Amino acid sequence: MDLVRDVLDKKVSDRNGRDMGRADSIVLEIREGAPPRVAGIEIGPAVLGHRVRPVVGRWIAGLEHALGIDQGRPLRIAFGEILDVGDHVKVDRAFGETAAATVEQGLRRWVSSIPGAS
Amino acid sequence: MSAIVDLILGVVTSIGGFVEVGSISTAAQAGSEFGFQLLWAIAAAGLMLAMLVEMSGRLAAVSRRSLAASVRERFGIHFQAVPLTAELLIDLLLLAAEIGGAAIAIKLLTGIGFQWWILPIGLCIWLVLWTCGFAAIEHGIGLFGLVTLSFVLAAWRLHPSPLDLGAGFVPSLPGHDAVRYAFLAVSILGATVSPYLLNFYSSGAVEEEMSEKELWVNRTTAYLGTAFGSVVSMGVLVTSAMVLQPRQIVVDSYEQAALMFVPAFGRWAITLFALALGIGCFGAAVELTINAGYVAAQVFGWSWGANKPRRDAARFTTAFTLVLLMSLAIAVIGFDPLRLTMISVALTVVVMPLLVLPFLVLMNDPKYVKDHTSGAIGNGFLAVLTIVGALLAIAVIPLEIMGG
């Protein structure tokens, strides 16, 4: 598997096929005397921003903290929880139970309050 | 049978949705200042748009991905950040200009200042997006937009000389003001090949679940729809050239552009022009707004879709709402919509290589389009026109600004 080609920036869906976001970064574990090991993937705008420019990542992390939505973000998914890598990266998680859903769920409450939302 | 209906509906929609604030203002200015001499620019830009639209539909049908999603996956966020930011900024300006154009159309009908109409128009755009699915948005805009055929009817009634029209399709040097001529050629390109159209089209193909079997429908719709749509733009230019140029009226406001309909339609002139301008701009504003939601959701991997209940795509809904609010703020500040349009379309050409060249790479990657890769002639034409257009834009925009 080519991590950059096959995993990084691919859409991530949960075990029920719901969109969770994209693989915004790949976490490698550096081990002494052994090759690096893939620890997992991360989802979240702060790590994505960090890839563009570290300062952008810090701004986004600061904004998430200020809004009180930083708990559990970015979401890290262990490599062992990846079920399949194809068109999408499918993981053994439920979107609604993760911090990746914090913003979607918060906005859903607001959107649902408008007539015609469902 | 269903494919034939899709094809007819697609072509009609393309015709009705072709003309908006950018194409009307650039074609009207080109006609009033250079007669038929810039018809070739509309033809070249139309061919380029047809090729790009066909490619974005092909990409979506084969890979089941939109353009924005494919660029993120193929090139990564580090590359995409720059063109994405540029496109969103231009779309923001263009959306403000479309809203301004629609507001001026209502001003022409009512006599009440255009600033008063900006917020109600914003509300109408949002309500359309809140209540309609993709097909209703796309086809509704296209069917109402058929009123823009009045530009073709106006040109027809003025009986232009076929020989003079034919000469306009051959690129030639102007007898005066070469910088302005080049600036208008560049602006016509930018107004016609709006980047938002490509992602909007590919997103629509994903929403409507276009398959590889329908590639011929996609190809026919793209080329026929764009060809007929270009004829509407040419109608603007021809009418402007025949009515405004002999009277030495230079289009520096939409109110002046409306005068081009007077010889053809008499007392209905202002009403028809206002309807064509207003519906064209409103339709483009709806598409620009929802496309902002598409782009954000596809780049970040959120749930999206005009066919989904809005509560099931809350971030997508919020994204297009925020972009609409930002554009309304720009429009309310009171920038002249015509100038805003000209700035947006000229800047579009400057950033076009950043948007088109990666697209060409995608369309030659079998991982995305299997064996439906693009041909060498098409690739070469698009690459050359994009790069030459951008270089020309970089050269003439400062000169145009310095020249006032």
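In the predicted model described here, S25(A) stands opposite E42(A) in β4(A). Residues are numbered from 1 along each chain as its sequence is written, with chains lettered from A and ligands numbered from 1 in the order in which they are written.

Six bridges join β3(A) to the antiparallel strand β4 (residues 34-43) of chain A. Strands are DSSP runs of E of at least two residues, and helices runs of H or I of at least four, both numbered from the N terminus; two strands pair if DSSP finds at least two bridges between them. An open, antiparallel sheet of three strands in chain A has the order β3-β4-β5. Its edge strands, each pairing on one side only, are β3 (25-31) and β5 (75-78) of chain A.

Elsewhere in chain A, strands β6 (residues 82-85) and β7 (residues 89-91) run antiparallel and are joined by three bridges. A hairpin of three residues leads from β6(A) to β7(A), and I82(A) stands opposite V91(A) in β7(A).

Chain B, by contrast in its content, has 18 helices and zero strands. The C-alpha trace of chain B spans about 55 × 50 × 45 Å along its principal axes. Of the 404 residues of chain B, 56% count as buried, that is, with 20 or more other C-beta atoms, placed from the backbone, within 10 Å of their own.

How values were computed: Predicted model: local features only at pLDDT ≥ 70, side-chain atom pairs only at ≥ 80, totals over all residues. Buried ≥ 20, exposed ≤ 12 C-beta atoms within 10 Å, placed from the backbone.
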